[in-house]
Amino acid sequence: MKVLSVENLSRSFGGIKANDNISFEVEEGTILGVIGPNGAGKSTLFDLITGYTKADSGKVEFFNKNIFGLSPDKISNLGVGRTFQKLKPFADQTLLENVMIGSFVNEKNIKKARDRALEIIDFVDLIEKRHHFAKELSTGQRKRLEMARAMAIEPKLLLMDEVTGGVDQKTIPGLVDLIKKLKKSGVTIITIEHNINIIMEISDNVLALDQGKSIAYGSPKEIQQNKQVIDSYLGTFDAA
Amino acid sequence: MDNKLIIAKSEPLWNTNNRVVFLISSLIILLFALPLFGLNSFYLHLFIMIFMHAVMAQSWNVIAGFSGQISLGHGAFFGIGAYATSFFYIEYGISPWISMPFGILVSGFFAILIGIPMLRLSGHYFAIATLLIGISFQVVFQRWDLVGAASGLWVPMTSEDSWSALQFHSSKVSYYYIFLVFFIITFFIVWLLSRSKLGYRLRAVRDDPQAALSLCINVSNYKIIAYVISAMIMAPMGSLFAQYILIIDPDRVFNIEISIIVLLITVLGGIGNVWGPIIGASILIPISEYSRIYLGGTGGAVDLILYGLILMIICIFRPDGLISFVPKDILERKKQR
């Protein structure tokens with residue numbers, strides 16, 4: 001079953017083509033990794049899919065339903081969750097309140113919404129921090145908060161923007177395990193990731209972007225051997 | 001299921017502190033009993049003004065504190081409420097109790113009308129737009145002959161105290177109780193709102209609209225909902241005030257000072273907190289009334305200078321308002337570590 005199908009999605013900012021004819025599909029229960037150097041258009045792609053930025057042209061279908069041009073709240077309401085590269089927690093509210101705002105989507109009763117939120121917070125291993133204000137949490141914890149909050153709307157597709165970015169090495173394995181655990185729970189995932197080892201480890205498919213264009217799309221193995229990817233992205237990684 | 005989750009789920013939803021419940025109940029009883037001790041007319045007036053301004057500030061707290069939109073024209077809804085009751089009483093003899101809900105509806109209607117285009121503006125632009133709207137209401141009513149233009153409306157006095165006409169000439173005690181009841185009802189409405197799903201979602205809109213969008217929250221709709229609720233809380237205060245003073249004119253009920261003082265009260269007490277407007281009004285209104293007594297006409301603006309000073313001190317040292325002196329877990333927030 002196709003969860004998401006993107007066809008020839010394009011968007012320019014001034015003269016710069018941030019996304020140029022991007023096409024790919026995501027099958028249910030899989031993880032698609034999106035890689036590419038800074039400025040390749042990865043976050044723009046997320047914004048186009050989730051409606052935060054209006055695309056110039058193209059087609060986006062979610063479970064064969066056209067979602068192109070819908071507003072972000074409508075798209076999330078259909079079951080597309082997301083996290084943000086620049087974290088956006090509700091800073092003056094507790095972790096529990098943050099997640100409850102998500103769980104209210106499917107649960108009107110406040111007690112049930114609270115209990116659902118607690119289960120998700122437990123899932124991301126932050127149950128002891130539930131009464132802490134979001135601004136008091138560490139970066140890694142706030143990443144978990146965003147994942148928990150997005151999960152609380154019970155999405156069928158979850159877009160995660162650089163989950164392991166900006167956290168220390170010790171924190172990364174836990175976050176990677178969490179992504180795997182999420183996949184096991186049945187959520188389809190698209191993740192932007194800079195750490196190539198993680199991408200190769202968790203992804204079923206990889207989409208490589210460079211300067212707004214899709215330069216490769218396939219299994220992690222194929223991507224690793226793709227010359228264009230090596231030149232524009234992995235190559236620099238090896239040289240570094 | 002692991003232990004910690006079970007413990008977390010067994011926690012009560014709210015940390016209801018028995019001492020606070022006791023304090024609130026005794027305060028309510030005390031306020032109801034107060035006139036029985038023979039308060040003189042000045043103190044009755046002082047309390048009436050505190051109740052009224054606390055409700056007005058609470059109204060502003062809903063739009064500014066909960067949904068994060070700074071409105072500088074909230075006086076408009078006060079004026080609408082005032083004119084609704086006075087006009088229908090003078091022209092058709094309709095009881096203020098009947099026209100008051102009408103004023104509430106008209107206020108809500110205008111909030112939708114203003115909110116739909118204006119709440120698309122973000123931050124400062126919304127504030128500027130509402131400031132101008134507040135002023136334009138005053139200008140329109142100054143020139144609108146049907147409602148008495150600049151000289152306003154004089155509500156004809158009944159010969160005796162009358163509940164149906166909402167006029168009491170023998171003593172202010174009845175007014176005291178009416179304002180007190182509105183004050184308590186408003187407090188509980190806003191208190192329930194803050195704990196409801198709507199309250200949670202409004203705070204999400206305030207803290208980060210972008211993130212709210214990713215959680216299925218239609219940000220502009222929720223801002224409009226907050227604006228409408230806020231306007232509907234403001235209007236009955238205008239109605240009651242009109243019945244209290246019996247003479248209204250655009251300079252008084254559409255005054256920019258109304259829009260400013262609700263802001264001052266809320267910021268002083270604590271914005272976004274149900275208690276903020278109550279604390280703010282209990283401090284600011286006595287200052288204002290006493291400074292008017294001691295300084296009289298000559299020092300009419302001195303209380304404004306005082307407000308400015310207080311606001312500056314609060315913004316620098318206590319941006320969360322005076323309520324921030326009270327530890328959060330005592331009031332309601334649940335922070336057992």
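User: What covers the buried residues of α3(A)?

Analyst: The cover includes α4 and α5 of chain A, together with α8 (197-207) of chain B. This is a predicted model, in which local features need pLDDT of at least 70, side-chain atom pairs count only at pLDDT 80 or more, and totals for chains, interfaces and linings use all residues. Residues are numbered from 1 along each chain as its sequence is written, while chains are lettered from A and ligands numbered from 1 in the order in which they are written.

User: What makes α3(A) mostly covered?

Analyst: A residue is buried if 20 or more other C-beta atoms, placed from the backbone, lie within 10 Å of its own; it is exposed if 12 or fewer do, and partly exposed in between. In α3(A), nine of its nine residues are buried; among them are Leu95(A), Asn98(A) and Ser103(A). The helix is therefore mostly covered.

User: Why is Ile310(B) called partly exposed?

Analyst: Ile310(B), which lies in helix α14 (residues 302-317) of chain B, has 17 C-beta neighbours inside 10 Å, so it counts as partly exposed.

User: Why is α5(A) described as largely enclosed by the rest of the structure?

Analyst: Of the 14 residues of α5(A), 12 are buried, so the helix is largely enclosed. The buried residues, including Arg142(A) and Leu145(A), pack against β6, α3, α4, β7 (157-161) and α6 (172-184) of chain A. Such helices (H or I, at least four residues) and strands (E, at least two) are DSSP runs, numbered from the N terminus.

User: How do you know that the span of α5(A) is close to the one expected?

Analyst: The expected span is 1.5 Å times one less than the number of residues. For the 14 residues of α5(A) this is 20 Å, and the helix reaches 20 Å from its first C-alpha to its last.

User: Which residues of the largest nonpolar core have the most contacts inside it?

Analyst: They are Ile121(A) and Ala208(A), in a core of 156 residues. A nonpolar core is a set of buried Ala, Val, Leu, Ile, Met, Phe, Trp, Tyr and Cys residues joined through C-beta atoms within 7 Å. Its largest share, 17 residues, comes from helix α10 (residues 219-245) of chain B.

User: How many residues of each chain are in contact with the other?

Analyst: Two residues are in contact if their C-beta atoms, placed from the backbone, lie within 7 Å. On this criterion, 34 residues of chain A are in contact with 24 residues of chain B. The largest share of the chain A side, seven residues, comes from α4(A).
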